[in-house]
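Hi,

Here is the structure I said I would pass on. Have a look at it first, and then read my notes below.

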Amino acid sequence: QDFANYYQDVGCGVPSDDYFCELISATWGVNEGDMDPKQAEKLSRYVELIKEKVRQKAQATDAPSKQLRSTFKFFDADDTGSVDVDEMTAALAQLGLPLHRKDV
């Protein structure tokens with residue numbers, strides 16, 4: 001509950017879809033060309049859901065860099081400067097997208 005309360009007002013903006021895809025690729029080593037079409041479609045649906053959830057939490061009045069830092073802090077629960085699979089799983093659940101760890 002403390003986690004949810006602390007991050008309830010986190011917001012962010014992603015400058016473009018291309019930037020978001022580059023961010024996911026660089027962070028998780030996921031490249032669209034490395035997947036079969038069924039996996040790519042599933043990932044695309046998840047990406048759209050995540051982007052919409054992040055937009056819903058975004059505070060439009062914040063500067064983009066502040067929004068991005070706030071969003072990263074939301075995902076980086078242990079404040080180590082990196083996001084691991086467990087943190088990503090927990091953050092997605094907080095955004096209303098509960099996934100099994102293996103699917104993250």
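A word on terms before the tour: helices (H or I, at least four residues) and strands (E, at least two) are DSSP runs, numbered from the N terminus. This is a predicted model, in which local features need pLDDT of at least 70 and side-chain atom pairs count only at pLDDT 80 or more, while totals for chains, interfaces and linings use all residues. Residues are numbered from 1 along each chain as its sequence is written, and side-chain values use heavy atoms, with hydrogens and water left out.

**The overall picture**

The protein chain has 5 helices and 0 strands, so you can read its pattern along the sequence as α-α-α-α-α. Of its 104 residues, 24% are buried (buried means under 20% relative accessible area, exposed over 50%, partly exposed in between, with a 1.4 Å probe and protein chains only). The chain exposes about 7100 Å², and carbon and sulfur atoms supply 52% of that; accessible areas come from the Shrake-Rupley method with a 1.4 Å probe, and for residues only the protein chains shown count as cover. Take the contacts (heavy atoms within 4.5 Å) between residues at least 6 apart in sequence: 57% of them join residues at least 24 apart.

**Helix H3**

Which residues of H3 are buried? They are Val47, Ile50, Lys51 and Val54. These four sit on the same side of H3, because they cover an arc of only 100 degrees around the axis, the arc being that of the directions from the helix axis to the C-beta atoms. The cover over the buried residues includes helix H2 (17-28), helix H4 (64-75) and helix H5 (85-94). On the face of H3 turned away from the buried side you'll find the exposed residues Lys38 and Gln56.

**Salt bridges**

How many salt bridges does a search of the whole structure find? It turns up 2, where a salt bridge is a side-chain nitrogen of Lys or Arg within 4 Å of a carboxyl oxygen of Asp or Glu. One joins the side chains of Arg45 and Glu41 at 3.4 Å, N to O. Those residues are 4 apart in helix H3, so about one helical turn separates them. Arg45 is partly exposed, at 48% relative accessible area.

Glu48 and Lys51 form a salt bridge as well, at 3.3 Å, N to O. They are 3 residues apart in helix H3, which again is about one helical turn. Glu48 is partly exposed at 42%, whereas Lys51 is buried at 8%.

**Two spots elsewhere**

Tyr19, Leu23 and Leu68 make a nonpolar patch on the surface, with about 220 Å² of accessible area together. Patches are made of residues with over 30% relative accessible area and no salt bridge: like charges are joined within 9 Å, nonpolar side chains (Val, Leu, Ile, Met, Phe, Trp, Tyr) within 5 Å. Leu68 belongs to helix H4 and counts as partly exposed, at 32% relative accessibility.

Lastly, look at Asp79 in the loop between H4 and H5. Asp79 has a positive phi of about 55 degrees although it is not a glycine, and it is exposed, with a relative accessible area of 63%.

Cheers
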